[in-house]
Amino acid sequence: MKNRNWALILTMLTLLIVVSGCKKKQPPPPPPPPPKAPTAMLSADPTSVQAGQSATLTWSTENADDVTLDGNKVNTSGTESVSPTQSTTYHLTAKGPGGSTDATAQVSVMQPTPTPTPAPTPPPQTDEQVFNQTAQDIYFDLDKSDLRPDAQQVLANLAQAIKAHPNWKVQIEGNCDERGSTEYNLALGERRADSAKQQLTQDGVSADALKTISYGKEKPVCTDHNEACWQKNRRDHFTLLSH
Amino acid sequence: MLNKIRIYFILLFIPLVLPFTSAYAQDQIKTGTNMGAPLVIAVPDFKQANADPGNQPLIAVFNDTLWYDLNNAGIFTLVAKSFYPSQTPGFPNEVTLKTWSNPPINAAMLAFGNLGVSGGKVNVQGWLYDTKNEQYPQVLGKQYQENATVDNARKIAHEFANEIILKLGGIPGPTETKIYFISNRTGHKEVWSMDWDGANQKQVTHLGGIALSPRVSPDNSRIAFSDLLNDSWQIKMYSLDLGKMVSFPHFRGGNYSPAWSSDGTKIAFSSSMGTGASEIFIADSSGAAPRRLTTGKTDVSPVFNPRTNAQIAFVSGRTGEPQIYTMDADGSNVQKMTDQGYAVSPAWSPNGLLLAFSWIRHYGPGVLGGADIYLMDIASRQIVQLTHDGGRNDFPSWAPDGRHIVFESTRSGTEQIWSVLADGTHLQQLTRVGRNTQPNWSYR
């Protein structure tokens, strides 16, 4: 309540200021003719070099008496040779009675060999990390064990990962939502786990690398009584048993 | 359609039926009883045989238990105690038959007796009198002696009630039977047992895993169940005689829902050991020589026809939603018994004529009805609805008398175990602590 009052007062004040500000606006007096503003131009040639090669910067200015290139005082026009080790942007600043103007030019540096910089090397991933990124839960429709397209994509990726790690032993855990009957849900969960196993073996995974188990409705991840929650529970979950 | 069906059921040895008269009753099965109408019986409280202060707690439990047993037997109408005279008999010489045979009591039978504790023992004498037979009124006269405990007072009441039920109903009642079930009240799903009236609840297994589907052997010596331990579902065997787990073979894959043949020689169960999907297997009761009977992909919950052991009913999702099927015990002659909705958990009646099962009759995304218990007459395939009271009702199991069914229901808010007469009356809640599921009634 108090907060709302304050908000109201603040709003009113703001309005007042804005409104009064508008009223006080008056046409400005005609300005005196200003001194001519300086101009500046900076270019690089070539704009792209291999590391170790040089490029030439060329600049010219007008109406300026104080010209700096990257902070160093230089003539109002001139050239300079540069050998940047990495891509660099050069700044020319021209100041005069009429003000100040900037100009820039960029020299890109390509690495001598095509070795792409070993981009900040990620720390080597553990098997668990690789597994957890790949083996996402797959979901099923009510009372169904057919694989949806999204599940098939997950399984295709998982098959690649398992084939790349011959030591992996993966458990496929079939689950059901709470609505079905306890015993039938065990059989349905079994079939859901088996669906994933069949797909993985079709994709070239050895059956020996796979173990299936049904948890029926005994191990729900979500315990609300609504479709959003039921859908979360109609799933195959994957566990890395050994690697 | 269903409302128009009239089904007359023949129960066990009693070929008597009650036709329905009211529209309300048309959807329910009436179990037949010996005289076409329940026998009217008066059961005054047993009296104290002496002044021993130890009588009080025992006689209270005894009287409550005897009343419950006879009132829920399914074959009697008990005359309310408010009609009884202030002085009730505890001994034969205290009985005035006309008091009980005339209005307002109008009882055909009178059960009475006494209980007394002495020397650490409880003694009970009980009689059953035919109130219309002035000359030879005694139908039953029984004496019991046990150590003086509340449990024994309850046990004697169950025994005496069963004598009366056997005498007047022709077959033993369920009063001395056990119900096995799964409870999570310790934090783990374990096998528990209780008496038929819900008393005497005891934990049977202590495995700390997930126990499911307890099925007691026909001789009451063992309980087969499925248990998740070490990431594998296996059929487990608990010896009630030895009070400990006994060995049963470890099979590949997931192994669920064991069922005994009524001669105790075979066990049917669901296993994925064959193809990776659940199928029905049959093995010796030792677990030896498992053979696959079905080639479905979601086959579970087998149950033998206890009358013949020549047929097995089971659940399969081979055509989509789960339905009830029957087959011969060698896997041949598969018959689809239901063809709509979501039908699970078949239970074959002791006389072999009926299947009880759980059915969501109208089922599909967006039209999820409640699951109710239904009874199917196997020969005619006529179906009647047994439960109507909301919640999810599942896992029916028949009492050996063929008159009672125990089942799991969420009607009270959580899964609890309820019993009901097969005509839909005498509904009783048996459990209240924790979540209690998958009841299985003992064979005797």
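The largest cavity of this predicted model is lined by 15 residues, and those nearest its centre are Arg179(A), Gly180(A), Ser181(A), Arg392(B) and Asp394(B). Here a cavity is a set of points on a 1 Å grid over the protein atoms alone where a 1.4 Å probe fits but cannot get out, and lining residues have an atom within 4 Å of a point. Below you will find the cavities, then the pockets, then the interface.

As a predicted model, it is read with local features needing pLDDT of at least 70 and side-chain atom pairs counted only at pLDDT 80 or more, while totals for chains, interfaces and linings use all residues. Residues are numbered from 1 along each chain as its sequence is written, chains are lettered from A in the order in which they are written, and side-chain values use heavy atoms, leaving out hydrogens and water.

**Cavities**

- The count comes to three cavities of 30 Å³ or more, where a volume is the space filled by probe spheres set on the points, with grid points joined across faces, edges and corners.
- The largest cavity has a volume of about 110 Å³, and β23(B) gives the most to its lining, with three residues; strands are DSSP runs of E with at least two residues, helices are runs of H or I with at least four, and both are numbered from the N terminus.
- Its lining divides into five nonpolar, four polar and six charged residues, counting Ala, Val, Leu, Ile, Met, Phe, Trp, Tyr, Cys and Pro as nonpolar, Asp, Glu, Lys and Arg as charged, and the others, Gly among them, as polar.

**Pockets**

- A pocket is an open set of points with protein on both sides within 12 Å along at least five of seven lines, and the largest pocket holds about 840 Å³ of space.
- Of the 42 residues that line the largest pocket, Trp348(B), Trp398(B), Trp441(B), Ser442(B) and Tyr443(B) lie nearest its centre.
- By class, the lining of the largest pocket has 23 nonpolar, 13 polar and six charged residues.
- The second largest pocket holds about 640 Å³; 29 residues line it, with Glu178(A), Lys217(A), Lys189(B), Glu415(B) and Arg435(B) closest to its centre.
- Five nonpolar, 14 polar and ten charged residues make up the lining of the second largest pocket.

**Interface of chain A and chain B**

- The contact (heavy atoms within 4.5 Å) takes 24 residues from chain A and 38 residues from chain B.
- About 2,400 Å² is buried between the chains, 52% of it on carbon and sulfur atoms; this is the accessible area (1.4 Å probe) lost on putting the two parts together, summed over both.
- Glu183(A), Tyr184(A) and Arg191(A) supply 29% of the area that chain A buries against chain B, more than any other three residues.
- Two salt bridges cross the interface, each a side-chain nitrogen of Lys or Arg within 4 Å of a carboxyl oxygen of Asp or Glu.
- Lys189(B), one of the residues closest to the centre of the second largest pocket, forms a salt bridge with Glu218(A), with the closest N and O atoms 2.8 Å apart.
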